[in-house]
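Trainee: Could you take one part of this model and walk me through it closely? I would like to see how it connects to what lies around it.

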Amino acid sequence: MRRLFAGLTTGALLLAAAACGSSDDSKASGGGSSGGATTVELGLIPIVDVAPVYLGVQRGFYEKHGLKLSITTAQGGAAIVPAVVSGQYQFGFSNVTSLMVAQSNSVPVKAVSNGIASTGVRGKDFNALMVKKGSAITSPKDLQGKQVAINTLKNINETAVRESVRKAGGDPDRVKFVELAFDQMPAALDQGQVDAVSVVEPATATVRSQGGVQIASPLVDVAPNLTVALYFTSQQYLRKNPEVVRKFQEATAESLAYAEAHPDEVRQIITTYTKIPASVLARVTLPKWPAAANRSSIEALRKLGEQDELFKSTPDLDKLLP
């Protein structure tokens with residue numbers, strides 16, 4: 001299995017911080033202009049979470065605010081954070097834990113817009129902890145000594161699965177976590193390469209179509225209506241380009257609201273940037289795209305991150321959140 005990113009390591013964070021300090025003004029100001037619009041690089045993960053951005057581009061929300069998005073995809077937020085801080089991207093999408101890990105290592109990140117939230121409904125969330133049909137594993141407690149696939153190590157999905165195991169009466173330290181891209185998880189589970197997977201849509205629907213069985217809703221186990229991810233930039237870019245950041249915030253807010261109100265269009269846009277088959281699309285469970293982050297849920301996630309010893313120092317949410 002590929003092990004591209006073992007979480008967001010301290011070394012990677014320090015390198016990103018150094019690169020941020022040395023990036024020149026031309027790089028910090030974005031990718032230039034196109035037809036009067038400012039082109040900005042945006043790092044995303046090819047999952048359902050980011051559908052509002054693609055929908056916003058299609059509906060012209062970003063263009064209306066004078067922006068042209070150049071989108072690059074990555075395996076997880078742990079890879080996107082260093083790219084934003086180094087100036088490779090001007091904005092990125094990352095889970096909250098990656099951003100807190102970065103800040104705790106003195107990496108200058110700043111969330112600028114809400115990203116995505118759990119549905120808060122156990123068994124009906126876009127994220128699920130799943131096993132193969134016929135598996136003897138029926139509870140997260142049974143994962144002790146088993147291999148569980150997550151997209152990046154030492155991050156939000158590991159923390160969430162550990163909490164599910166803990167709540168089921170198991171010892172999360174006995175779970176063997178392996179790193180795998182979301183879109184590779186259905187095949188890996190079906191072929192018996194791993195015992196369980198913590199997936200998000202559209203991979204969740206694909207696993208269900210293979211007969212996979214859900215044994216927990218990890219994000220729901222962390223906190224009700226958990227804020228899972230945010231759009232962010234670097235502190236340096238924010239200082240030098242406050243107007244571009246404001247435009248990005250406004251366009252993204254419109255995109256989130258539109259996606260929340262138009263689920264059918266969301267399902268359609270997903271087919272343009274993922275490989276999900278049309279036959280599986282109807283089974284996709286959509287997340288929530290609220291206008292603002294849920295502070296109390298992020299505090300719960302921070303507490304679990306401290307328990308899992310992910311942070312060098314306690315993250316300052318007042319400085320991190322929008």
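Mentor: Let's take strand β11. Strand β4 (residues 91-95) is joined to β11 by four bridges, and these two strands run antiparallel. Two strands are called paired if DSSP finds at least two bridges between them; the strands (E, at least two residues) and helices (H or I, at least four) are themselves DSSP runs, numbered from the N terminus. Before we go on, note that this is a predicted model, in which local features need pLDDT of at least 70 and side-chain atom pairs count only at pLDDT 80 or more, while totals for chains, interfaces and linings use all residues. Residues are numbered from 1 along each chain as its sequence is written, and side-chain values use heavy atoms, with hydrogens and water left out.

In general, strands of a sheet pair through backbone hydrogen bonds, either parallel or antiparallel.

How enclosed is β11 (residues 227-234)? Eight of its eight residues are buried, so β11 is largely enclosed by the rest of the structure. Buried means under 20% relative accessible area, exposed means over 50%, and partly exposed lies in between, with a 1.4 Å probe and protein chains only. For the chain as a whole, 57% of the 322 residues count as buried.

Asn 225 sits in the loop between α10 (218-222) and β11. Its phi is positive, about 50 degrees, although Asn 225 is not a glycine. With 41% relative accessibility, Asn 225 counts as partly exposed. As background, most residues other than glycine have a negative phi, and most peptide bonds are trans.

Now for the packing. The largest nonpolar core has 89 residues, and those with the most contacts inside it include Phe 91 and Val 109, along with Val 197, Phe 248, Ile 270 and Trp 289. Such a core is a set of buried Ala, Val, Leu, Ile, Met, Phe, Trp, Tyr and Cys residues joined through side-chain atoms within 4.5 Å. Helix α12 gives the most to this core, with seven residues. In soluble globular proteins, nonpolar side chains tend to be buried together.

Helix α12 (residues 242-261) has 20 residues and reaches 29 Å from first to last C-alpha, close to the 28 Å expected at 1.5 Å a residue; the expected span is 1.5 Å times one less than the number of residues. The buried residues of α12 are Val 244, Val 245, Phe 248, Ala 251, Thr 252, Ser 255, Leu 256, Tyr 258 and Ala 259. They cover an arc of only 165 degrees around the axis, which puts them on the same side of α12. That arc is taken over the directions from the helix axis to the C-beta atoms.

Val 109 is touched by Gln 103, whose other partners beyond four places in sequence are Pro 315, Asp 316, Lys 319 and Leu 320; contact means heavy atoms within 4.5 Å. Gln 103 belongs to helix α6 (residues 96-104), and at 16% relative accessible area Gln 103 is buried. Ile 270, for its part, touches Val 48, Ala 51, Ile 276, Leu 281 and Leu 286, with residues up to four places away not counted.

Val 48 lies in the loop between β2 (37-44) and α3 (51-59), and its relative accessible area of 1% makes Val 48 buried. Beyond its neighbours within four places in sequence, Val 48 contacts several residues, including Glu 201, Pro 202 and Trp 289. The peptide bond from Glu 201 to Pro 202 is cis, with omega near 10 degrees. Pro 202 itself is found in the loop between β9 and α9 (203-209).
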